[in-house]
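Work through the two exercises below with the sequence and the structure at hand, and try each task before reading its solution.

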Amino acid sequence: MEDLKSQIDIDKLPKHIAVIMDGNGRWAKAQGKPRVFGHRHGVKAVREVTEAAAEVGIRYLTLYAFSTENWNRPTLEVTTLMRLLVDTISKEVKTLNKNNIRLRTIGDLSRLPNATRKALLKGMEDTKDNTRMDLILALNYSGRWDIVNAVKQVAGAVKAGDMSIENIDETSFKAALSTREFPDPELMIRTSGETRLSNFLLWELSYAEFQFLPIFWPDFQKAHLYNSILNFQNKERRFGMISEQLLGR
Ligand code: IPE
Ligand code: IPE
Ligand code: MG
């Protein structure tokens, strides 16, 4: 693994990596265990990806932890996930501080149970001065929700006379998204073999490289992140141009 890590070109790191942590339920089912068993083991993988990203020098890491669609799951699973969040955050704040990692969130926290929201707010407050990496949890998040929210804000500003229609562009629109303080992710990783976006960062991923890993989330290890970064570094990102144009730059 050290070998993989040493192959990474630290001058060509993605600034922001986004991860769809998928496959907890299937991981548990494969062992004849209830789905929530998979979620509990998923926490270990969260630690792996966070440590690996910080060690290699990634500045922003966004993890999809709960989508707006996930409310449709069985009540027991939803409440377990919410409780797991409280427990994990309360336990991990010390480690985040030790490693200079700042906890942040995107998504509508107002619909979360009080205890979950409080734990999150406290975790964010307690880590707000950390500067090495931002760990961004997407919670009760969906890309469409964020875009609609941004449209409302922009429309409100125009209506109030604080903004003109001519001033609506990609930059001012991005400023209304919940991801406004973060650069767009250059790399998106999804585990579990599914190859869909499931309403994640629809605006922000428009030019990201996608990597779909055939493993379930609880099996995710540091080496998977290093390998994904290495694959990313071997891609030619053309942004609409042709190869020859890039070589001249
Ligand atoms: C991802 O694993 C965790 C969350 C969505 C919270 P899943 O729970 O979706 O696991 P699978 O996809 O059903 O195996
Ligand atoms: C996406 O996974 C959401 C999270 C990882 C939090 P899902 O398992 O909910 O996605 P679908 O339903 O299979 O598309
Ligand atoms: Mg899933």
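**Exercise 1.** Identify which side-chain and backbone atoms make polar contacts with ligand 1.

*Solution.* Begin with Arg 35, which has a polar side-chain atom 2.9 Å from an oxygen atom of ligand 1, a polar contact being a pair of N or O atoms within 3.5 Å. Turn next to the backbone, where an N or O atom of Gly 25 lies 2.9 Å from a ligand 1 oxygen, and a polar atom of Arg 26 lies 2.7 Å from an oxygen of ligand 1. Then consider cover: ligand 1 alone exposes 380 Å², of which the protein buries 87% (accessible areas by the Shrake-Rupley method with a 1.4 Å probe).

This is a predicted model, in which local features need pLDDT of at least 70 and side-chain atom pairs count only at pLDDT 80 or more, whereas totals for chains, interfaces and linings use all residues. Residues are numbered from 1 along each chain as its sequence is written, ligands are numbered from 1 in the order in which they are written, and side-chain values use heavy atoms, with hydrogens and water left out.

**Exercise 2.** Find which side chains make polar contacts with ligand 2, and state how much of ligand 2 the protein buries.

*Solution.* Start with Arg 196, whose side chain places an N or O atom 2.8 Å from an oxygen atom of ligand 2. Finally, take the area: ligand 2 exposes 390 Å² when taken alone, and the protein buries 79% of that.

Technical notes. Polar contact = N/O pair within 3.5 Å; in protein donor to acceptor, adjacent residues only side chain to side chain.
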